[in-house]
Amino acid sequence: MTNNSEIDVNALVDDHSDYLLSFAMSKLKDLDLAKDLVQDTLVSAITKLETFEKRSKLRTWLTSILNRKIIDHWRKAETRYTDPVSSFFQQEGKPGHWLDSKGKNKTLETIEDQISREETNMELADCLGKLPDKWKGVVASKYLEEKDSEEICKDFEITSSNLWVIIHRAKLVLRDCLQNKWEL
Amino acid sequence: MRTLKRCEQITLDYERSNFEALSVKDRLGMRMHLGMCVKCRRYMKDSKKLDLWLKRRYELADYSFSNVEKSAIKEKLN
């Protein structure tokens, strides 16, 4: 066991802050928020340095602190929404029409040859921004970190059936959003 | 309406199948429904495409703090 108090603060920032920012941005897409959370992470890391055991790499430990802060941010944000999952099906005036997407005859893949990967990424990022924060968190945990369902449910304090419903609803919202953009 | 309710369950089962194995009954039910429901088949295609795009979208891009920002953070931490 090394003496953790010997960790150089300057090196900590130089070696890890950019990686942590990239990690935060891959999940958040809000640069100011990402920078704030990375700074909070580094402050927390310094104050908790004594608890760091060399069983994991320093970067892994820092990333886990940052990840916890991002999840906390999403969970707090979620309180602003009453019941985003069940409200999806209760759109005034169009009961039961949720599966009638704008794209009556075309699937998303029909547009793929006509647009660049960058454009797809950009439009998808924009559509992801329309999801409730908790859904964004769940989607990022699944597709960025490739966590299994047990971990995701634990992080977000949801049941496994809630998880499937969130992924399902998120995809419907994303599909609708993309079809609107590309007028499919 | 009954069909749409069924579509909701089928497409939800499809997403569930990405996390856990479906029962034989659910698998057969899904196969039969998909055989006659174009909307659910379209949903499945779109869902697969979104899986691919979302994975790509979350690949790490490079971001960095400016030197001024790094100095400010170091000052705060020291």
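**Helix packing and chain contact in a predicted model**

Helix α2 of chain A and helix α4 of chain B are roughly parallel to each other, because their axes cross at roughly 30° and angles under 35 degrees count as roughly parallel. The model is predicted. Chain A and chain B touch through 37 residues of chain A and 34 residues of chain B. Within chain A, α5(A) also packs against α8(A).

**α2 of chain A with α4 of chain B**

- The axes of α2(A) and α4(B), the latter covering residues 67-77 of chain B, come within 10 Å.
- The crossing of α2(A) and α4(B) is right-handed.
- On the side of α2(A), the contact is made by Gln39(A), Leu42(A), Val43(A) and Ile46(A).
- On the side of α4(B), the residues are Ile73(B), Lys76(B) and Leu77(B).
- Sorted by class, this contact has 5 nonpolar residues, 1 polar residue and 1 charged residue.

**The side of chain A that touches chain B**

- In total, 37 residues of chain A are in contact with 34 residues of chain B.
- Two or more residues each come from α1 (9-28), α2 (31-47), α5, α6 (133-143) and α8 of chain A.
- The largest share is that of α1(A), with 11 residues.
- This side of chain A divides into 20 nonpolar, 11 polar and 6 charged residues.

**α5 with α8 inside chain A**

- Helix α5 spans residues 117-128 of chain A, and helix α8 spans residues 160-182 of chain A.
- The axes of these two helices are 9 Å apart, and the helices pack at an angle of about 130°.
- The helices α5(A) and α8(A) are therefore oblique to each other.
- Their crossing is right-handed.

**Confidence in chain A**

- The average pLDDT of chain A is 81, and 80% of the residues score at least 70.
- Confidence in chain A is highest in α2(A), at 93.
- Confidence in chain A is lowest in helix α4 of chain A (residues 84-87), at a mean of 44.
- Over residues 80-96 of chain A, pLDDT stays under 50.
- For residues 80-96 of chain A, the model has 12 contacts beyond four places in sequence.
- Where pLDDT is low, predicted coordinates should not be read in detail.

Notes. Residues are numbered from 1 along each chain as its sequence is written. Chains are lettered from A and ligands numbered from 1 in the order in which they are written. This is a predicted model: local features need pLDDT of at least 70, side-chain atom pairs count only at pLDDT 80 or more; totals for chains, interfaces and linings use all residues. Axes are lines fitted to C-alpha atoms, for helices over the stretch in contact, and angles run from 0 to 180 degrees between N-to-C directions. Helices (H or I, at least four residues) and strands (E, at least two) are DSSP runs, numbered from the N terminus. Angles under 35 degrees count as roughly parallel, over 145 as roughly antiparallel, 65 to 115 as roughly perpendicular and the rest as oblique. A crossing is left-handed if the near helix is turned anticlockwise from the far one by less than a right angle, and right-handed if clockwise. Two residues are in contact if their C-beta atoms, placed from the backbone, lie within 7 Å. Ala, Val, Leu, Ile, Met, Phe, Trp, Tyr, Cys and Pro count as nonpolar, Asp, Glu, Lys and Arg as charged, and the others, Gly among them, as polar. pLDDT is the predictor's confidence in each residue, from 0 to 100.
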